[in-house]
Amino acid sequence: MAVINMAARYKTTVKEPGIPGVLKMTEDKVIFSPHDPRSAMKLNVDFRIIKGHKFSKDGSKQALLNLTKDPEKGGGYIFEFDNFSDRNVCRDFVGKVLGRFQAGVLSKQQDQPVLEKAAGSGHAEQLSVTEMERRMKLLREDRIYSMMILIKHQSSGQGSKVLCLQMSGQQLMTNKVTFSLTPEIIHQIFAEKPAVHRAFLNLVPTKMTEKDFWTKYCRAEYLHRTKNSVAAAAEAAEDEELAVFLMHDDILANEARNKIRRVDPTLDMEADVGDDYIHLPDHGILRDGSKEIVDTENEIAKRTLSQDINRHAAVVLEGRALDVELGDTRTVAEALARSKQESSAEISDENGNLERQIRVSRMTEIEDLQDPINFPYAPLLIKDPRQYFDSQQPNALKALGDSGAGVKPVDFSLSTEEAYIYLMRQISEVKARGLKSPVVQPEAALRVLNGLNQHLSSTRYHLGKNPQESVLGRLPNWTKDELLHHWTSIQELLRHFWSSYPITTAYLYNKVQRLKDAMAQIYQKLQDIKESVPSDFRHQVSLLVQPMLQALDAAFGHYDNEQQKKSGKSGNKANGFVQ
Amino acid sequence: MKFQIEDVTVYFPYEHIYPEQHAYMVDLKRALDARGHALLEMPTGTGKTAALLSLILSYSLSHPSSSLKFLYCTRTVHEMEKTLAELRLLFSHLPPSSPLLALGLSSRKNLCVNPAALSASSRDSVDSACRRLTASWVRSAAAENPSIPTCEFFESFDRAAADNPVLLPPGVYTLQDLRAFGREKGWCPYFLARQMIRYANVVVYSYQYLLDPKVASIISKEMQRECVVVFDEAHNIDNVCIEALSVSVRKQTLDGASRNLNRIAQEIDRFKATDAGRLRAEYNRLVEGLAQRGNLALTDAWLANPALPDNILKEAVPGNIRRAEHFLAVLRRLVQYLKGRLQAENVETEGPVAFVASVNSQAGIDQKMLRFCYDRLHSLILTLEITDTDEFLHIQTVCDFATLVGTYTRGFSIIIEPFDERMPHVPDPILQLSCHDASLAIKPVFDRFQSVVITSGTLSPIDLYPRLLNFNPVISRSFTMSLTRDCICPMVLTRGSDQLPVSTKFDMRSDPGVVRNYGRLLLEMVAAVPDGVVCFFVSYSYMDGIVNSWNEMGILQDVMQHKLVFIETQDVVETTLALDNYRKACDCGRGAVFFSVARGKVAEGIDFDRHYGRLVIMFGVPFQYTLSRILLARLEYLRETFQIKEGDFLTFDALRQAAQCVGRVIRSKADYGMMIFADKRYSRHDKRSKLPGWILSHLHDAHLNLSTDMALHIAREFLRRMAQPYDKTGSGGKKTLLSQEDLARMAEDAMDMY
């Protein structure tokens with residue numbers, strides 16, 4: 001493995017014929033010595049300056065290998081070989097050496113905690129060399145496998161891929177299996193494979209480094225992918241941590257058992273298993289080709305692609321509730337564990353049953369035989385602003401919390417008898433206690449009395465009217481009209497405002513500007529109204545105005561946010577965006 | 001709504017009714033009047049179940065004297081739940097003075113509420129855990145010794161039942177309701193349900209409770225003749241029938257049976273030493289005949305004799321197996337004989353007669369002894385007070401086999417295969433007793449009940465079923481669907497995007513070109529069709545293969561850009577969860593694809609109606625595995641007995657499966673869906689013509705030979721058309737939705753004609 005000598009022709013461009021000679025590659029140098037000792041084309045390059053390698057396809061005209069210095073510019077050292085098998089030997093060697101260098105370089109360049117673990121990739125190479133013999137024994141193949149793990153830091157945006165796709169293909173040509181793990185993928189692994197997640201929390205960093213952990217994980221994944229169950233069983237027997245990855249996932253099984261109880265009964269096929277008497281062992285027709293019997297005796301779980309896909313889709317459906325920056329693996333793992341605990345706690349069985357039943361009955365109905373179901377809704381078209389206002393008012397007040405105590409229905413009904421009894425009790429108390437030390441200070445009593453009087457007069461005012469009538473009815477006419485007018489215009493403006501997001505054209509941009517200005521004006525007017533009303537009504541009016549102001553504030557907030565975001569990335573504007 | 005069909009007032013749970021539902025009810029009513037059997041095919045999505053339930057319940061309400069009972073058989077528990085939900089809807093529209101009781105019945109595993117028994121995982125272990133707590137001898141022992149555990153739920157049920165046998169108030173009870181009721185009252189729901197089926201007006205349970213003689217004789221023996229039996233979704237009923245009477249014996253079975261026999265021998269010795277009188281009593285009872293079995297305690301009853309006609313039950317058990325040890329010796333010889341047969345090196349096929357003769361000559365067991373094996377074993381296990389019956393499944397299997405082989409002389413064959421055809425290097429000998437004649441299992445049902453209704457969305461060709469099941473329906477009719485608009489759009493896709501033919505024919509199925517074309521088809525469709533898409537494949541192995549290939553080709557990733565992918569697996573729990581998630585994904589608007597297998601569990605009974613299925617793609621023609629010996633033997637039997645050609649039967653069987661798969665997308669006329677038959681063989685007339693009429697009538701000639709791009713175009717057009725508003729009641733001269741007034745007018749018109 002250390003040195004390769006191969007006959008090759010060295011050239012600087014593809015087209016020229018090239019100088020025949022011998023290419024010698026060691027683990028850190030590439031040396032080319034031409035057959036003609038007079039030739040000036042000798043070459044002695046350090047592997048470190050080589051950044052990549054390209055090669056012609058097997059079976060194409062020439063067997064080329066290009067060692068590039070700078071992947072963007074192209075050019076470099078081109079070697080032509082007599083046949084492809086020679087070329088492939090060299091290419092594989094280069095690939096391996098480069099892989100090691102790159103991993104090493106990465107770790108040197110940056111010293112973030114995660115990447116420090118990546119520095120162990122040289123160690124991983126060593127490890128894989130020692131492992132190699134064992135694996136070769138198991139695989140009985142002459143190929144050299146090396147395992148390279150890169151913990152990349154850029155997010156690759158592969159979130160919707162199934163996990164097992166992340167292995168970038170078993171590149172038989174280079175005899176190298178590369179697993180790339182981005183934080184995205186790690187998060188996905190944790191979400192989809194709770195057993196790995198648990199193992200990570202237990203083992204890292206107390207028992208092994210994160211690097212070792214992922215190396216093990218990748219080996220398990222590799223064994224699984226190559227469907228080499230014998231090798232998998234052998235390795236799992238030796239290495240109990242590795243076994244964790246290969247065994248059946250018991251957390252998943254438990255989760256499934258819990259979920260199945262809450263599943264819609266019209267879907268529950270698990271219940272059939274209990275009902276189907278044919279499933280008695282050896283009853284029914286066994287071997288007619290329609291039933292395929294799976295052998296479940298093997299201890300190493302046969303995880304199939306279908307299961308992975310189902311699991312993946314389920315996780316996607318649950319959605320990601322993590323608000324942690326994807327970066328440090330440990331924090332991601334812990335955050336995930338927390339979010340899981342929360343989600344499992346909030347499920348209650350009782351509600352579930354009822355909900356399921358309603359669902360089932362809704363499902364069974366044949367829709368077009370039924371009279372159309374009228375869902376309660378508020379029409380978007382506002383014909384009568386007053387009516388619309390009234391219909392929205394309770395919602396708005398509810399949203400405010402129960403601070404609108406003034407609107408709370410008060411029980412005024414007090415029978416004469418009760419009032420009499422109450423009065424008598426008061427009198428007897430006064431009699432017993434005497435008037436010497438009054439319970440209430442006279443000034444305070446006067447104030448309360450005045451307040452009560454005022455309250456009584458106002459309640460009498462609105463008692464006489466329709467009880468459904470809201471506080472609006474008691475406002476002066478001009479205030480009322482003004483309020484209603486603003487209310488409708490705000491609704492209309494907001495509708496336009498929100499519907500123009502996201503802003504994609506200049507037209508929308510201008511529209512939003514105009515809308516914002518209009519709303520700002522109204523905002524001011526509302527403030528004025530609030531201040532101008534007589535003091536009796538000020539509280540009521542501010543209650544009314546509050547939801548409008550809130551809605552406007554939300555819109556302004558959104559506008560400002562967008563504005564900030566835009567100015568933040570004004571350097572590279574999105575396609576089609578015109579200011 | 002409420003209307004009259006002749007003398008019956010029909011209560012229907014909706015404001016409107018489809019004309020075909022009305023016609024269906026009229027025919028059904030005539031069949032009930034005639035007290036005969038009926039065979040009715042009505043397309044899916046026309047509210048078959050609702051029509052059926054409302055007619056039969058209304059019929060029994062208007063004939064209160066006849067005490068008509070209604071047995072509704074579904075194939076699966078989840079279909080049972082759907083039916084019960086429909087019943088609940090119907091009950092809310094019945095006149096309030098009708099005290100009807102409807103309930104679902106399932107096994108202990110689905111009904112038990114005792115945590116001790118429920119902790120067992122499989123059905124058999126729940127059964128035996130229950131038996132350990134409730135068997136009569138356990139209970140009598142517990143009466144003397146309170147430290148022996150019993151089931152408090154059963155005890156309190158038993159006390160309550162002694163006071164008042166009718167324990168459930170009228171209403172509809174699903175399994176969940178029964179469990180909740182049982183928990184609340186502290187009564188055992190399973191035995192409560194078993195008790196209440198005697199008083200219930202409607203019982204919904206699985207096919208097996210009527211067809212499988214082992215189960216039928218305990219669950220259904222008390223049903224009187226005045227029963228209307230309905231087999232819903234019955235297009236597969238012949239397969240269910242033959243499965244009910246088929247048994248296979250493997251090496252593990254025989255080894256297990258030997259162990260069981262050793263254990264029985266120990267038990268016999270123990271009883272001889274301690275309680276010899278018990279064995280003697282059993283002997284005396286057997287001398288008098290099996291008829292005694294009738295007065296067993298409720299909890300001791302057990303899967304009874306698989307196939308014995310009534311007259312045999314009254315016969316005495318043959319003298320040479322009355323003694324326990326003699327019977328044991330017979331069983332040992334039988335197991336030994338079967339072990340010898342299993343060592344065959346080549347495939348052997350023989351009829352029951354020859355097999356029985358060979359058993360007789362080599363093991364000295366005659367036909368009559370064989371026939372009584374099952375009952376004798378049953379009696380012996382009861383005598384020995386064995387409660388952990390799940391340990392004795394192997395010997396039970398052997399006895400089932402013996403009884404079946406000793407009872408029937410035709411319609412069966414015994415096939416011994418040394419290995420599985422597809423894995424010749426793995427020795428896995430198996431001896432299968434396979435039934436070929438579906439009429440054997442269903443005959444008692446036809447004989448015993450006055451009306452049996454067989455109904456499904458796909459019973460084409462409808463004349464085949466009476467032959468297969470050997471009965472004479474008074475009404476046999478296939479209804480068409482009157483559509484307001486063309487809400488189904490079947491297409492036959494024969495070529496892929498590169499214009500090469502696609503098929504799952506054996507020589508083509510692994511061709512990467514075909515795999516890619518199928519993948520491209522799916523990819524194009526998921527990009528164009530909203531919400532749910534369902535794909536059916538011909539087998540699990542084919543599905544696994546193609547999914548792997550798509551994964552490697554990157555097609556699956558592209559599909560996932562548009563929709564989430566869910567796959568049916570052989571693990572029911574996983575599949576159920578996948579289905580549940582699939583529905584969630586459709587509900588939330590993410591959209592999903594479900595990969596499933598024709599003839600699989602999902603194809604049997606899960607609906608993909610409305611947004612859960614806007615498109616079904618049937619990849620290939622779901623033929624049976626034609627090299628299977630069992631199938632070959634069955635085909636031969638069908639040809640000799642019913643003169644049905646092999647090819648015809650295979651095509652019929654494949655096409656009914658395909659039709660069943662695609663039929664799952666439509667639930668009502670407001671619903672819509674597309675169906676793509678992706679195989680070039682569907683364009684051939686002999687295949688296509690076997691599809692049910694309601695699909696054929698929508699299959700335009702222009703849609704018969706499509707390539708992927710053309711299909712995509714048609715799909716887009718169709719979806720756009722379906723998005724337009726339309727008149728639900730039907731335009732033009734033909735009404736597709738009838739109101740109560742329409743029905744009244746129709747009745748008057750009919751009167752006028754006379």
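User: Where is B:Gln195 found in chain B?

Analyst: This is a predicted model. In it, B:Gln195 sits in helix α10 of chain B, residues 189-196.

User: What makes B:Gln195 count as buried?

Analyst: Its relative accessible area is 10%. Buried means under 20%. The value of 10% falls under that cut-off, so B:Gln195 is called buried.

User: Which residues is B:Gln195 in contact with, leaving aside its neighbours within four places in sequence?

Analyst: B:Phe157, B:Ala161 and B:Pro165. Each has heavy atoms within 4.5 Å of B:Gln195.

User: Why is the pair B:Asp7 and B:Lys29 called a salt bridge?

Analyst: The N to O distance between the two side chains is 2.8 Å. The rule asks for a Lys or Arg nitrogen within 4 Å of an Asp or Glu carboxyl oxygen. A Lys and an Asp at 2.8 Å meet it, so the pair is a salt bridge. In general, side chains of opposite charge can pair when their charged atoms come close.

User: What parts of chain B does the pair of B:Asp7 and B:Lys29 tie together?

Analyst: B:Asp7 lies in the loop between β1 (2-5) and β2 (8-11) of chain B. B:Lys29 lies in helix α1, residues 19-33.

User: Is B:Lys29 buried or exposed?

Analyst: Buried. Its relative accessible area is 2%, and the cut-off is under 20%.

User: Which residues are linked with B:Asp7 and B:Lys29 in a network of salt bridges?

Analyst: B:Glu6, B:Arg30 and B:Asp33 are linked with them.

User: How do you know that B:Arg376 and B:Glu282 meet in a salt bridge?

Analyst: Their side chains come to 2.9 Å, N to O. The limit is 4 Å. B:Arg376 is in helix α19 (residues 367-383) of chain B, and B:Glu282 is in helix α15 (residues 276-288), so the pair ties together parts that are 94 residues apart in sequence.

User: What makes B:Arg376 and B:Glu282 count as buried?

Analyst: B:Arg376 has 1% relative accessibility. B:Glu282 has 3%. Buried means under 20%. Both values pass, so both residues count as buried.

User: Why is the pair B:Glu417 and B:Arg629 called a salt bridge?

Analyst: The distance is 3.9 Å, N to O. B:Glu417 lies in strand β11 (residues 412-419) of chain B and B:Arg629 in helix α28 (residues 629-642). The parts tied together are 212 residues apart in sequence.

User: Which labels do B:Glu417 and B:Arg629 get, buried or partly exposed?

Analyst: B:Glu417 is buried, at 3%. B:Arg629 is partly exposed, at 28%.

User: How many salt bridges are found over all chains, and how many across the interface of chain A and chain B?

Analyst: The whole structure has 47. Across the interface the rule finds zero. It does find three residue pairs in polar contact there, both residues at pLDDT 80 or more. 

User: What makes up the side of chain A that touches chain B?

Analyst: α9 (250-261), α10 (270-275), α11 (305-318) and α13 (349-364) of chain A each supply at least two residues. The largest share, 10 residues, comes from α11(A). By class, that side has 29 nonpolar, 15 polar and 18 charged residues.

User: How many residues are in contact between chain A and chain B?

Analyst: 62 residues of chain A are in contact with 102 residues of chain B. The two chains bury about 7,500 Å² between them, 57% of it on carbon and sulfur atoms.

User: What is noted about phi of B:Gln499?

Analyst: Phi of B:Gln499 is near 70°, a positive value in a residue other than glycine. B:Gln499 is in the loop between β15 (488-495) and α23 (512-528) of chain B.

User: Why is B:Gln499 called partly exposed?

Analyst: Its relative accessibility is 37%. That lies between 20% and 50%, so partly exposed is the label.

Conventions:
Residues are numbered from 1 along each chain as its sequence is written. Chains are lettered from A and ligands numbered from 1 in the order in which they are written. Side-chain values use heavy atoms; hydrogens and water are left out. Buried area is the accessible area (1.4 Å probe) that two parts lose on being put together, summed over both. A polar contact is a pair of N or O atoms within 3.5 Å; within protein, one must be able to donate a hydrogen and the other to accept it, and residues adjacent in sequence count only if both atoms are side-chain atoms. Helices (H or I, at least four residues) and strands (E, at least two) are DSSP runs, numbered from the N terminus. Ala, Val, Leu, Ile, Met, Phe, Trp, Tyr, Cys and Pro count as nonpolar, Asp, Glu, Lys and Arg as charged, and the others, Gly among them, as polar. Buried means under 20% relative accessible area, exposed over 50%, partly exposed in between (1.4 Å probe, protein chains only).
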